[in-house]
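Please look over the model below before reading on.

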Amino acid sequence: MPYRAPVSDFRFLMDHVVGFDQVAATDHFAEATPDMTQAILTEAAKMSEDILAPLNRAGDLHPARLENGIVRTSPGFAEGYDAIATGGWIGMSASQDNGGLGLPMTLTTTVNEMLAGACLALQLSPLMTQGQIEALEHHASDAIKALYIPKLVSGEWNGTMNLTEPQAGSDVGALRTKAEPNGDGTYAITGQKIYISWADNDFTQNVCHLVLARLPDGVAGTKGISLFMVPKLIPDADGNPGTPNDLRVVSLEHKMGLHGSPTAVMEYSGATGWLVGEEHGGMAAMFTMMNNARLGVATQGVGIAEAALQHALAYAQDRKQGKAPGSGAILEHADVRRMLTTMKADTYAARAITLMNAVAIDMAHATGSAEWQARAAFLTPISKAFCTDVGCEVAATGIQVHGGMGFIEETGAAQYARDVRVATIYEGTNGIQAMDLVARKLMDGGEAAFRILEEIEQGAEAAKATHPQLAEAVWQAAESLRETTEWLAAQDDLNARFAGAVPYLRAFARVLGGHVHLASAVKGDASRARLATFYIKRMLPEHTGLLAHTREGATDLMAITADDLAA
């Protein structure tokens with residue numbers, strides 16, 4: 001079915017809920033006027049709906065394939081990528097000094113969601129490139145910046161991230177890839193990497209791999225890792241793609257979904273690479289790219305949720321089954337209405353959280369404020385984990401709305417569930433995001449969390465004048481969350497935090513969802529108020545059980561033995 005970009009939601013959230021006016025008021029982002037914002041949303045929506053969405057099914061049915069060492073992409077993907085590149089969408093937030101547009105990450109986030117909702121398999125390519133651009137801007141030498149970033153921004157070249165190895169997944173420090181100095185300022189990179197998204201294609205002039213490897217004097221673990229730029233084709237003296245580097249695509253993974261996105265096993269056999277950042281400082285540089293990607297992956301979850309919702313709603317409005325009142329379609333059944341409204345309410349909450357996160361990133365960039373930086377850092381794991389969970393849940397519910405036809409591939413409902421499933425795994429599993437939230441992000445004693453909770457409670461107090469019951473529920477939820485945050489911050493045993501990390505993150509997202517829905521009810525029309533009422537009365541109460549789970553600590557959990565699990 002056709003995909004419709006949720007432009008009205010973007011505009012409403014930016015104008016009334018997530019504080020984008022603060023971003024536009026800064027000198028740094030003064031160009032992000034309402035007219036500019038509307039033009040970007042309109043043009044990105046048109047491209048997503050007319051050019052990319054028709055490619056989504058073709059990518060699933062006709063996967064990327066490896067032929068004689070060359071990756072052949074799905075039908076129409078080259079043209080779709082060209083539309084993204086020539087439209088300037090890849091370098092939206094890149095610095096103007098390097099050929100980018102210098103626009104807020106908030107606008108990039110809206111565009112990335114639309115691209116993901118239209119065709120996630122293709123959207124992965126520019127997303128990886130955007131992350132690489134940011135890593136290079138922050139850590140690369142001037143020479144590397146000047147050579148690579150303009151090509152990446154224009155889309156002539158694309159970028160990848162090479163972290164994972166067969167024995168080194170979440171434990172990146174276990175990697176074995178080596179980097180030997182060549183004596184001329186370059187390094188010979190040798191090793192194997194797996195799960196490399198868009199490691200090759202047949203439509204860009206060059207592929208630029210950022211590769212984690214260990215120098216001969218690199219200590220064990222993450223502190224001994226360095227980062228290297230390793231291009232598929234070594235640039236010549238004029239900066240054009242030259243001789244082939246000593247690397248190759250060994251194979252493409254046979255995946256559950258995202259068939260149109262080639263995911264490769266890469267072999268580096270003394271390939272020429274250039275150091276990015278400081279020696280042994282690879283993780284700091286790579287985390288710049290990963291944090292960018294984590295918000296990007298969050299938008300993938302929201303994009304798929306939106307597409308799955310639209311698909312299920314169209315089916316529910318058309319399918320006649322049972323003795324339904326009104327139109328006679330299954331949409332009239334209470335349980336189907338419940339499923340669709342849950343899908344809608346959670347998608348809206350997740351979208352708002354990604355935009356809140358992006359606004360914090362923009363404000364940190366524009367002001368240099370430590371508080372904005374802390375807010376952005378705190379919201380990032382919540383965005384990544386909650387929004388990708390929502391993508392999976394909404395896509396699964398979409399199958400349920402279709403009934404038996406959801407299990408039939410021809411309807412297309414199953415593709416959303418298959419495509420989005422990996423989003424909870426890559427760029428750091430959602431469990432790792434939750435552990436980061438309750439450990440590193442609470443090292444400040446909970447200050448960043450408490451500032452957000454204070455904002456939620458102030459919003460609820462103001463809303464009591466017009467929506468007293470909804471406002472009281474949100475205020476009480478924030479207060480319960482505050483108490484649990486205080487409990488977590490007081491735990492010296494990290495296992496006590498980790499045992500409840502996932503429910504805590506989910507609870508925080510639930511309360512943030514209540515906050516944005518309440519603000520939407522206050523600022524919006526009756527339709528938004530009805531959706532807010534559903535979320536706050538029926539979905540927000542989930543936080544109670546989640547917080548109870550969080551405060552149980554680890555003792556009873558770790559007392560369960562392997563024999564108990566096998567019994």
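The notes below are in numbered points.

1. This is a predicted model, in which local features need pLDDT of at least 70, side-chain atom pairs count only at pLDDT 80 or more, and totals for chains, interfaces and linings use all residues. Residues are numbered from 1 along each chain as its sequence is written, and side-chain values use heavy atoms, with hydrogens and water left out.

2. Glu165 sits in the loop between strand S3 (157-162) and strand S4 (178-181); strands are DSSP runs of E, at least two residues, and helices are runs of H or I, at least four, numbered from the N terminus. Glu165 has 3% relative accessibility and therefore counts as buried (under 20% relative accessible area; exposed is over 50%, partly exposed in between; 1.4 Å probe, protein chains only). Its side chain reaches the backbone nitrogen of Arg176 at 2.7 Å.

3. Lys193 and Glu165 form a side-chain salt bridge at 2.9 Å, N to O (a side-chain nitrogen of Lys or Arg within 4 Å of a carboxyl oxygen of Asp or Glu). Lys193 belongs to strand S5 (residues 187-197) and Glu165 to the S3 to S4 loop, so the pair ties together parts 28 residues apart in sequence. Lys193 is buried, at 0% relative accessibility.

4. Arg510 and Asp346 also form a salt bridge, with the closest N and O atoms 2.9 Å apart. Arg510 is in helix H16 (residues 501-523) and Asp346 in helix H9 (residues 334-367), so this pair ties together parts 164 residues apart in sequence. Both Arg510 and Asp346 are buried.

5. The structure holds 30 salt bridges.

How values were computed
Polar contact = N/O pair within 3.5 Å; in protein donor to acceptor, adjacent residues only side chain to side chain.
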